[in-house]
Amino acid sequence: MRVWIVFLLCLAGHAMAAPAEEEPIMEELVTEEPVVEEPVVEEIEVGANPVQVEVGEFDEAIEIIEDVAAENPCLNYHCKKGKVCEVDDSNTPMCVCQDPSTCPAAEGEFEHICGTDNKTYDSSCHFFATKCALEGTKKGHKLHLDYIGPCKYIEPCLENELSEFPLRMRDWLKNVLVTLYERDEDNNLLTEKQKLRVKKIYENDKRLQAGDHSLDLLAYDFEKNYNMYIFPVHWQFGQLDQHPVDGYLTHSELAPLRAPLIPMEHCTTLFFEQCDADSDKYIALEEWAACFGIKEQDVDKDLII
C-alpha cells in the first residue's frame, strides 16, 4: 500500500500542476472549411485524475483538425498518435504514419513502453508509429500498449491473489478521492457535486485512514462501511469512460489506469480481463461495479457524471 500511496501522491502533484485548459486528450476546436481526408472527432474534456497517467499517451483513435494555415497547411493540422502531417501534390494536408526512426530518443528507461507483443519500445512515439504501420493487419489489430516500462517477467496471478486485488483497489480509490478533496483548493480537481459526495466520506468518523492495512482489515471495513466505497468505484469508471462516453470501457480507455499498475500489481491484467464477464471486449458499468463488489441495486449511472 505504501508504494501505491507514493505513486498516488506523485501523480496527484502532476495533475494539480497541469492547467485545466491543457487536458492531455482533447481541446475545443473550430473548423473553417478545411479540406479534410481524415475523420474528425469532437473533443471531450477529461477531468484531472491522479489515479491515471496522462491519457494522451495511450490515445489510439483520435484525430484533431484545426484551421489550415494558408502559408503552411500542416501548421495547425494535427494527427493522432503515430501519424504526422504531410502535404500532397495539391498542397492538401494529410496524416501519414510516422517513421519510428524520426521519434526523439528516450531520455531514460521510464519512457520505455511494453506492448502486448511483449516487445519493449523506446517510447510511446516509437510504439504508436509502429502500430500505425501495421494498420489493417491482424498483428496491428492485436497490438496495444500493455504497461509502462521495459517488458519484464510478470508473475502468474494465483486465485487467492486475484480475490485480494479488489480489496486494495477499493481502498486505494477511496484514498485517491480523499486526497483530491483535501488538495482541491482551486476547485479544479473535483466538481461541486463530487466534492459533496466525497465530503461525506471525508468527515465520516468510521473512515479507515490510509495506511498499510492487512487484507482482513480491508475486507472487514468494506463489509462494515460498504457505502463509503460505492462512489469511488463509480467515479473511477467515469474518469476512464471518455472516448466516447458510452457506459463501456475499451482496452484503450483502461490503459491510463492499468498501464502504470501492472509493474506493481501482477494481478492487474487478469483482474480486468475477468471484469469483462461476457467476453465482448468491453467492460460495462454493471460489470465494473460487480468486479469491485458493488451490489447490483447500488449501480447508479448518475454517480459517474
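The model is predicted, so local features need pLDDT of at least 70 and side-chain atom pairs count only at pLDDT 80 or more, while totals for chains, interfaces and linings use all residues. Residues are numbered from 1 along each chain as its sequence is written, and side-chain values use heavy atoms, with hydrogens and water left out.

**Figure 1. Overall content of the predicted model.** The protein has 10 helices and nine strands, taken as DSSP runs numbered from the N terminus (helices H or I, at least four residues; strands E, at least two). Of its 305 residues, 46% count as buried. Buried stands for under 20% relative accessible area, exposed for over 50%, and partly exposed for values in between (1.4 Å probe, protein chains only). Among contacts with a separation of 6 or more, 64% are between residues 24 or more positions apart, a contact being heavy atoms within 4.5 Å. The structure holds seven disulfides, each defined as a pair of cysteine sulfur atoms within 2.5 Å.

**Figure 2. The disulfide of cysteine 97 and cysteine 132.** The sulfur atoms of cysteine 97 and cysteine 132 are 2.0 Å apart. The angle about the S-S bond is -80 degrees, a left-handed link. This pair links distant parts of the chain, with cysteine 97 in strand β4 and cysteine 132 in helix α2 (residues 124-133), 35 residues apart. Cysteine 97 is partly exposed because its relative accessibility is 35%, whereas cysteine 132 has a relative accessible area of 4% and is therefore buried.

**Figure 3. The disulfide of cysteine 103 and cysteine 125.** The link of cysteine 103 and cysteine 125 is left-handed, with -80 degrees about the S-S bond. Cysteine 103 is buried, its relative accessible area being 8%. Cysteine 125, at 21% relative accessibility, counts as partly exposed.

**Figure 4. The disulfide of cysteine 114 and cysteine 151.** Cysteine 114 is joined to cysteine 151 with an S to S distance of 2.0 Å. Here the angle about the S-S bond is 105 degrees and the link is right-handed. Distant parts of the chain are again linked: cysteine 114 belongs to strand β5 and cysteine 151 to the loop between β7 (145-148) and α4, 37 residues apart. Cysteine 114 counts as buried because its relative accessibility is 1%.

**Figure 5. The surroundings of histidine 112.** Histidine 112 is placed in the loop between β4 (93-97) and β5 (113-115). Its relative accessibility is 18%, so histidine 112 counts as buried. Beyond its neighbours within four places in sequence, histidine 112 contacts Ala106, Thr120, Tyr121, Asp122, Ile148, Gly149 and Pro150.

**Figure 6. The crossing of helices α4 and α7.** The axes of α4 (residues 159-183) and α7 (residues 227-240) come within 9 Å and cross at roughly 85 degrees. The two helices are therefore roughly perpendicular. Axes are lines fitted to C-alpha atoms, for helices over the stretch in contact, with angles from 0 to 180 degrees between N-to-C directions. Angles under 35 degrees count as roughly parallel, over 145 as roughly antiparallel, 65 to 115 as roughly perpendicular and the rest as oblique. On the α4 side, Arg170, Asp171, Leu173, Lys174, Val176, Leu177 and Leu180 take part; on the α7 side, Met228, Tyr229, Phe231, Pro232, Val233, Trp235 and Gln236. By class, the residues of this contact are 10 nonpolar, one polar and three charged. Ala, Val, Leu, Ile, Met, Phe, Trp, Tyr, Cys and Pro count as nonpolar, Asp, Glu, Lys and Arg as charged, and the others, Gly among them, as polar.

Figure 7. In α9 (residues 268-275), the buried residues are Thr268, Phe271, Phe272 and Cys275. Their arc around the axis is only 90 degrees, which means that they lie on the same side of α9; the arc is that of the directions from the helix axis to the C-beta atoms. These buried residues pack against α4, α8 (251-261), β9 (283-284) and α10 (285-291).

**Figure 8. The pairing of helices α8 and α9.** The axes of α8 and α9 come within 9 Å and cross at roughly 150 degrees, and the helices are therefore roughly antiparallel to each other. Leu254, Leu257, Arg258 and Leu261 of α8 make the contact with Thr268, Thr269 and Phe272 of α9.
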